[in-house]
Amino acid sequence: MFREIKSKPLRITSIFFCLLVITICAVELNFLWLFGYSPTKKDIKFPSLSVSSEVYTADSVLIGKYYRENRTPVDFKEIDTNVINALVATEDVRFYKHSGVDFYSLASGLISTAQGDKRGASTITQQLAKNLYRTRLNKSQGFIRKIPLLNTLVSKFKEWLTAYKLEANYSKNDIITMYLNTVPFGNNSYGINTAAKHYFNKSVSNINVDEAALLVGMLKATSTYNPIRNPDKAIERRNIVLAQMNKYGYLTTPNYKKALSVPIHLVLGKDKGKNEGDSYLRSAVSKWLDKWCEENDYDLYEDGLKIYTTIDSKLQKYAEEAVHEQMKTLQNRFYNVWGDQEPWRDSQGNIIPNFMENNLQKLPWYPALKRKYESQPDSLNAFLNEPKKMTVFSWDGDKDVKFSTIDSIKYYAKILNTGMMTLDPFSGKIKVWVGGDDHTYFKYDHVNQSKRQAGSTFKPFAYLAALESGMSPCDKMTDKPVKIAYMNGGKQEYWEPKNADWNFSYREMSLRWAMGKSVNSITAQVTEKVGWDNVVKYAHLCGIESKLQSVPSVSLGTNDVSVFEMVRAYATFINKGKKVDPILVEKITDQDGNLIEEFKSKQEQVLSKEIAWLMLYMFRGGMEEPGGTSQALWEWDLWKNNNQIGGKTGTSSDYVDGWYMGLTKDLITGVWVGADDRSVHFNSSQTGEGSRTALPIFAKFMEKVYKDPTTGITEGPFPKPDVEITRAYNCPSPRIVVDTLSQDSLAIDSLNMPIEEIKPEVIEKEIKPAAESDPIKKEKSNASQPALPNKQNDNNIQKDELTKQEERKLKRQNKKNN
């Protein structure tokens with residue numbers, strides 16, 4: 001065919017173009033799988049750019065990101081002109097003159113390279129093709145990649161073809177924008193906007209000419225010219241960029257000289273490239289969305305989603321502050337209690353002998369190390385006790401220490417941890433999520449991953465079962481020793497619960513009083529009467545999903561549950577008997593703000609409104625009944641505007657776990673405190689009870705919330721029932737007064753003793769409150785002045801006859817009346 005062309009130059013040209021067309025077709029079609037992937041027309045029009053997804057609070061405060069490449073794309077109009085000018089002057093001065101491949105620059109580059117001045121000739125469009133479509137990856141090269149030199153030529157040829165395709169489909173501004181959105185700038189910062197935020201804590205639209213030159217200069221070698229690691233080289237490269245800008249007329253000489261004299265001033269922003277679960281909340285959202293992403297074919301780490309959680313940024317902030325304040329205090333208390341003693345003890349107070357070995361076994365590298373030194377125990381011991389420099393967690397900030405492996409295990413074993421969650425019980429939206437002390441050091445989430453014994457916070461489910469069986473808050477039982485028979489593996493056994501103070505008052509008490517005072521003996525009797533299977537049944541009905549062992553002691557919280565489950569279950573009582581499925585994510589949009597999905601909490605009526613309201617009334621007993629376990633809350637400023645708080649403390653055996661569940665008219669909050677290793681704990685009720693560990697976190701949190709009117713959370717009473725209450729509930733308990741005259745005042749100081757700890761020989765008197773004629777009508781009045789001596793009785797009751805908590809309570813009441 002070509003022989004028919006008489007002109008030799010024309011024939012050679014025709015052969016060249018024919019071979020070029022064949023080559024292009026072969027490359028584009030990946031003939032015989034020789035050349036690998038080439039971008040299709042669809043790929044060019046719809047480029048796949050890995051964009052980070054962002055997580056926000058409900059009020060649009062950025063929490064964190066998910067990404068494989070930390071990138072936040074921007075439009076051309078958002079990019080400062082200094083960046084554009086610096087890029088063109090340095091990387092591709094003929095950018096606006098070529099069509100993707102600059103043969104003039106290619107030729108001059110080859111000549112310079114031949115003369116010893118190695119210089120690149122790739123245009124910005126070619127670099128975009130390489131970055132956007134990964135043309136030089138092995139999987140993009142086909143079998144030809146195994147042939148040296150030829151594989152480079154094919155890759156370069158594919159870049160040229162892709163560059164032409166890009167130029168045919170996009171404007172120059174689009175290309176330069178896409179380029180700046182794809183290039184890496186080190187420290188896991190991809191794209192010019194992310195880099196500007198990372199290095200200067202400002203958007204790309206606000207950076208100065210010297211800052212623009214520094215960022216563009218990094219593109220040659222992000223590690224070599226990294227201003228954090230190599231500031232001198234970064235300045236040197238920046239000045240070259242400034243010189244290029246001056247050379248090609250993008251920067252006047254005076255401004256050029258001025259920019260040269262500016263030192264590097266980095267202001268590292270919050271966007272520091274962290275992606276390894278930088279917070280409990282961010283990690284929880286990721287787990288929350290796993291199933292949704294799979295079902296809807298989204299990649300959380302590449303698809304640029306904007307995820308709006310239900311978290312309230314102000315409430316979250318106040319919760320974290322309360323946790324920090326109280327946990328720091330508790331940690332110091334723990335150190336003071338144990339001093340130099342080892343706190344890992346069994347129930348008898350004996351040191352656990354194999355504690356260190358058990359913890360060493362949890363280290364992934366320890367078995368291999370043990371095998372290595374199997375016949376050299378001294379060498380193994382020396383390795384484990386060799387001090388090394390490390391940074392450890394402390395409540396005063398990261399601490400640099402020289403610890404051995406053994407030292408580190410001992411140090412972290414003594415650290416107390418916590419979990420806290422707050423829920424809007426009506427919408428099901430989670431408002432606060434604090435998974436632990438510090439996610440950097442403690443990855444385990446204590447809200448929904450950790451499960452611990454609930455202690456007395458589980459008792460309400462026994463009283464719920466009692467109400468469901470037909471009983472009322474006014475039904476009475478006697479605080480006395482009980483012996484409950486049950487079958488265990490076909491054998492009859494007996495359970496004899498003790499009260500927290502190991503004493504029984506032999507006093508007849510209403511169910512509300514017994515629950516408010518957290519009396520174990522009466523809770524056990526209630527459990528026996530309604531059946532422990534029913535306690536388990538109603539716990540599951542309200543939202544506890546963990547497997548519960550149906551045993552007589554179930555009501556005392558012997559089963560392991562999570563903070564998340566307990567908060568969900570308690571929400572049923574204030575939500576008028578509707579169980580809610582808490583949600584952590586409210587909506588998801590794409591990066592342009594278009595709604596993709598909106599989430600609503602599912603709710604199910606599981607209790608009658610009457611039962612739910614009666615349970616809420618029972619919870620108030622912790623504050624209103626004599627000896628109520630929530631009365632430490634009087635120490636905080638929580639009692640304006642006739643505010644009411646319901647709650648339940650909880651403490652597991654040996655003070656391993658401290659709990660508090662707090663209910664207000666707007667929110668449900670659950671708090672757990674304890675060490676991650678159950679053998680590490682406080683050694684007395686004065687230091688380790690839930691009222692002294694977890695309750696203060698709730699109190700400090702609510703105090704901060706109430707003091708900030710912008711939160712929208714206000715003090716006030718619980719809502720009145722919107723159904724008829726058919727059962728008796730308004731049965732004020734007698735105020736027990738201790739007659740100290742029967743004892744030597746030096747021998748017994750009743751002021752320092754809770755009522756339940758006073759010895760039987762102390763003479764007690766009852767002050768019976770007057771009955772109210774209309775319980776429903778008097779409900780508000782009764783709630784606002786809970787079981788306290790009123791002002792008229794002040795002269796008849798000696799100050800030293802009250803417990804400390806009641807004394808504080810009385811002072812507040814008198815101050816209010818005066």
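At what angle do helix H8 (residues 192-200) and helix H9 (residues 209-218) pack, and how far apart are their axes? In this predicted model, the angle comes out at about 115°, and the axes of H8 and H9 are 11 Å apart. The crossing, as H8 passes H9, is right-handed. On the H8 side the contact is made by Ile-192, Ala-195, Ala-196, Tyr-199 and Phe-200. Facing them from H9 are Glu-211, Leu-214, Leu-215 and Met-218.

Next comes helix H12, which covers residues 280-296. H12 still has a kink of about 40°, centred on Leu-289. Leu-289 is itself one of the buried residues of H12, a set that also includes Tyr-280, Leu-281, Arg-282, Ser-283 and Trp-292. Cys-293 belongs to that set too; its relative accessibility is 8%, so it counts as buried. What do the buried residues of H12 pack against? Their partners are strands: S1 (53-56), S2 (62-66), S3 (306-309), S7 (430-434), S15 (585-589) and S16 (595-598).

Ser-60, found in the loop between S1 and S2, has phi near 65°, a positive value in a residue that is not glycine. Its relative accessibility of 47% makes Ser-60 partly exposed, because the exposed class starts only over 50%. Tyr-506 is another non-glycine residue with positive phi, here near 55°. Its place is the loop between strand S11 (491-495) and strand S12 (508-510). With a relative accessible area of 56%, Tyr-506 is exposed.

On to the cysteines. How many disulfides does a search of the whole structure find? The search turns up one, and it joins Cys-474 to Cys-731 with an S to S distance of 2.1 Å. Cys-474 lies in the loop between helix H18 (460-468) and strand S9 (476-478), while Cys-731 lies in the loop between helix H27 (695-707) and strand S21 (735-739), so the pair ties together parts that are 257 residues apart in sequence. The link of Cys-474 and Cys-731 is left-handed, with -105° about the S-S bond. Cys-474 has a relative accessibility of 16% and so counts as buried. Cys-542 is buried too, at 0% relative accessibility.

Methods
Residues numbered from 1 in each chain as written. Predicted model: local features only at pLDDT ≥ 70, side-chain atom pairs only at ≥ 80, totals over all residues. Heavy atoms only, no water. Disulfide = S-S within 2.5 Å. Helix = DSSP H or I, 4+ residues; strand = E, 2+ residues; numbered from the N terminus. Buried < 20%, exposed > 50% of the residue type's maximum accessible area, 1.4 Å probe, protein only. Expected span 1.5 Å × (residues − 1). Bend = angle between axes of the 7 residues up to and from the residue. Contact = heavy atoms within 4.5 Å. Axes fitted to C-alpha atoms, helices over the stretch in contact; angles between N-to-C directions. Left-handed = near helix turned anticlockwise from the far one by under 90°.
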